[in-house]
Amino acid sequence: MTSSPVPETSPWPGTKPCLETSLPPEPVPLQETSPSPEPDPSPEPDPSLEGEPLPEAGPSLEGEPLPEAGPSPETSPSPESHPALAISPSPAINPSPAIRRSPEIIGILGGMGPAATADFYAKLVSTTPGAGDQDHLRTVIWSDPTIPDRTEALLGDGPDPTPWLLDGSRVLREAGATVIAIPCNTAHAFVPRIADHVGLPIVHMIDEVAQHLGALSPRIHTAGLLATTGTVRAHLYQEWLDRVGIRLVLPGTDSQDREVMAGIRAVKAGDRDGPATALLARAARRLTAQGAQAVIAGCTEIPLGLPVDAVEVPLVDPALVLARALVRRAGAKPTPRGAA
């Protein structure tokens, strides 16, 4: 399979530097000026003002003290001059040591789609233990919905998204990220193309799901997959589940097109309750009829339209599995939440 040529407007490094062209120029600050009256032609000097300095345009006259202003941007206010800054934080809201010591800054390469990216960040927050803001992980999110469709690229019907993924990864690196998470299953088909060029580790979501399923008790021997046609055709889950000895069952061609892909498109269009849920739940039942002991919601839109209680076996949410893996990487124990 060959990918379609990359359009000339794609952010491929070398032809379009990732940061220089993606960020707008800094605006030139406007100076406030008050309208000046029209000049009086050749005014006669007033003898009474000879020798006295003219007032400068500003809030005060020479010799009068200027009103106190806030601290200069070049200097930080001291606790002595600003007593409010000297208040110590209450011990009750001190950050938990595990998160506080973590050097990690999570870079989320998102936009595939935007709702799934927002949902993934919410899951990262909800699985992080803590009682206050300071307990949570530092995070940088790059959400680029202009990334070309991953399934269309894998089927040979659209441009290769690799340049966009590489560009977004570099934006995250320049923003200070120390590790990258990609909350899109199908995008993982392109991870091998960017992994050696990003300069940061990528936590592989599908690998994490395989390890998660392999550790479940009672043991899972057969899992079903609801995913995009691109993910299915790329054999992403087949490859990783083979490594842990789990057999994968898939929807038939008709179910894949009329139920799974139709349900995913409905969620992307904003439908999370009606037809999308019915379509995805019907496809999940077909998988359990084939012997699936768990169903993988292998597209990050699927958990938005398929509730856990709509499936009669454990529903595995890869985005939630990835969020937990990031929390563990940061040195904390994830809090229990949601799907299997």
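Reader: In what order do the four strands of the open sheet lie?

Author: Strands of a sheet pair through backbone hydrogen bonds, either parallel or antiparallel. Here the order is E2-E1-E3-E4, and the pairing is parallel. The edge strands are E2 (138–143) and E4 (202–203), each pairing on one side only. Strands (E, at least two residues) and helices (H or I, at least four) are DSSP runs, numbered from the N terminus. Two strands pair if DSSP finds at least two bridges between them.

Author: This is a predicted model: local features need pLDDT of at least 70, side-chain atom pairs count only at pLDDT 80 or more, and totals for chains, interfaces and linings use all residues. Residues are numbered from 1 along each chain as its sequence is written, and side-chain values use heavy atoms, leaving out hydrogens and water.

Reader: How many bridges join E3 and E4?

Author: Two, in the parallel sense; E3 covers residues 179–181. Ala 181 stands opposite Val 203 in E4.

Reader: What span does helix H10 reach?

Author: The expected span is 1.5 Å times one less than the number of residues. H10 (275–289) has 15 residues and reaches 21 Å from first C-alpha to last, close to the 21 Å expected. Just after H10, Gly 291 takes a positive phi of about 105°.

Reader: Which residues of H10 are buried?

Author: Buried means under 20% relative accessible area (1.4 Å probe, protein chains only); exposed means over 50%, partly exposed in between. Among the buried residues of H10 are Leu 279, Leu 280 and Leu 287.
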